[in-house]
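This report describes the pockets, the cavity and the nonpolar surface patch of one protein model. Please consult the sequence and the structure shown below while reading.

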Amino acid sequence: MADVIDAGAPVAIAAAAGAVVALVAAYVLLPDGSYNLDELVYLNDAEAIRHGRLTYDARGYLPDFRPYLSGVAGDRIVFKYQPLWPAWLAVWELLTGGHRIGLVVAGAAAATAVWLLARELTGNRWLGTATAVAVAASPVFVAHSGTALAYLPTAGLAAAALGALLRGVRTGSRWWLAAAGVAFGALFFHRPFDAVVAGAPAAVWLALRPPTDAQPDRR
């Protein structure tokens, strides 16, 4: 039992730090959102998804109204950003009546992803926890975890993909390698350019690294 607690405590602390920071940011520091109008795009897209739509019929809105930062493709009004993050916000809107709980969960997930990556880079669970807590306390994390902007989810997906890849290579686990593929795929669907930025160096590293025997996770 003590071994289970010792193994789970570092990641639990990291996740709790991310959740608490996002909770304070969303409900105390930024209860009305930020000054960045891009938030409207994600929230408008989430509202469309909540009603079962990815686009709007242009005939019902033009020429009188068009949502902020949307475009027209044929007879449809389309949004600027990919729908993965808006779909996440829409799910929490449906479950809880508001999207902010989704921000808290995303904050916890992002901090956990940072923990995974830091643990693989340092080889130590508690150093991973210290890194995740420090990142969660950083101004960038605080500023973005309380908004509907997609920068923090992007960083979380990138950290999760790289951390899972490193662990999969180190341990030889196909499950971790599959998880890395899922995370990279989600990141590519979310923000393709950022997926290339994160994935290209990883691909080069995989191609150039010498073969080694997988090591069990004892740290």
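The second largest pocket has a volume of about 240 Å³. A pocket is an open set of points on a 1 Å grid over the protein atoms alone, with protein on both sides within 12 Å along at least five of seven lines, whereas a cavity is a set of points where a 1.4 Å probe fits but cannot get out; lining residues have an atom within 4 Å of a point. The model is predicted: local features need pLDDT of at least 70, side-chain atom pairs count only at pLDDT 80 or more, and totals for chains, interfaces and linings use all residues. Residues are numbered from 1 along each chain as its sequence is written, and side-chain values use heavy atoms, with hydrogens and water left out.

Sixteen residues line the second largest pocket, and Val 135, Val 140, Tyr 151, Leu 152 and Ala 155 lie nearest its centre. Helices are DSSP runs (H or I, at least four residues) numbered from the N terminus. H4, helix H6 (139–145) and H7 each give at least two residues to this lining, and H7 provides the largest share, six residues.

The largest pocket holds about 400 Å³ of space. Of its 21 lining residues, Ala 109, Pro 153, Gly 156, Leu 157 and Ala 160 lie nearest the centre. Two or more residues come from each of helix H3 (84–96), helix H4 (100–122), helix H7 (151–171) and helix H8 (174–190).

One cavity of 30 Å³ or more is counted, and the largest cavity has a volume of about 30 Å³. Its lining includes Trp 85, His 144 and Pro 153, and H4 supplies the largest share, three residues.

The table gives the lining classes, in which Ala, Val, Leu, Ile, Met, Phe, Trp, Tyr, Cys and Pro count as nonpolar, Asp, Glu, Lys and Arg as charged, and the others, Gly among them, as polar.

| Lining | Residues by class |
|---|---|
| Largest pocket | 19 nonpolar, two polar, no charged residues |
| Second largest pocket | ten nonpolar, four polar, two charged residues |
| Largest cavity | six nonpolar, four polar, no charged residues |

Helix H1 (2–29) and H4 each supply at least two of the patch residues, with the largest share, six residues, coming from H1. Tyr 27 lies in helix H1 and counts as partly exposed because its relative accessibility is 40%, between the limits for buried (under 20%) and exposed (over 50%) with a 1.4 Å probe and protein chains only.

How values were computed:
Grid points are joined across faces, edges and corners, and a volume is the space filled by probe spheres set on the points.
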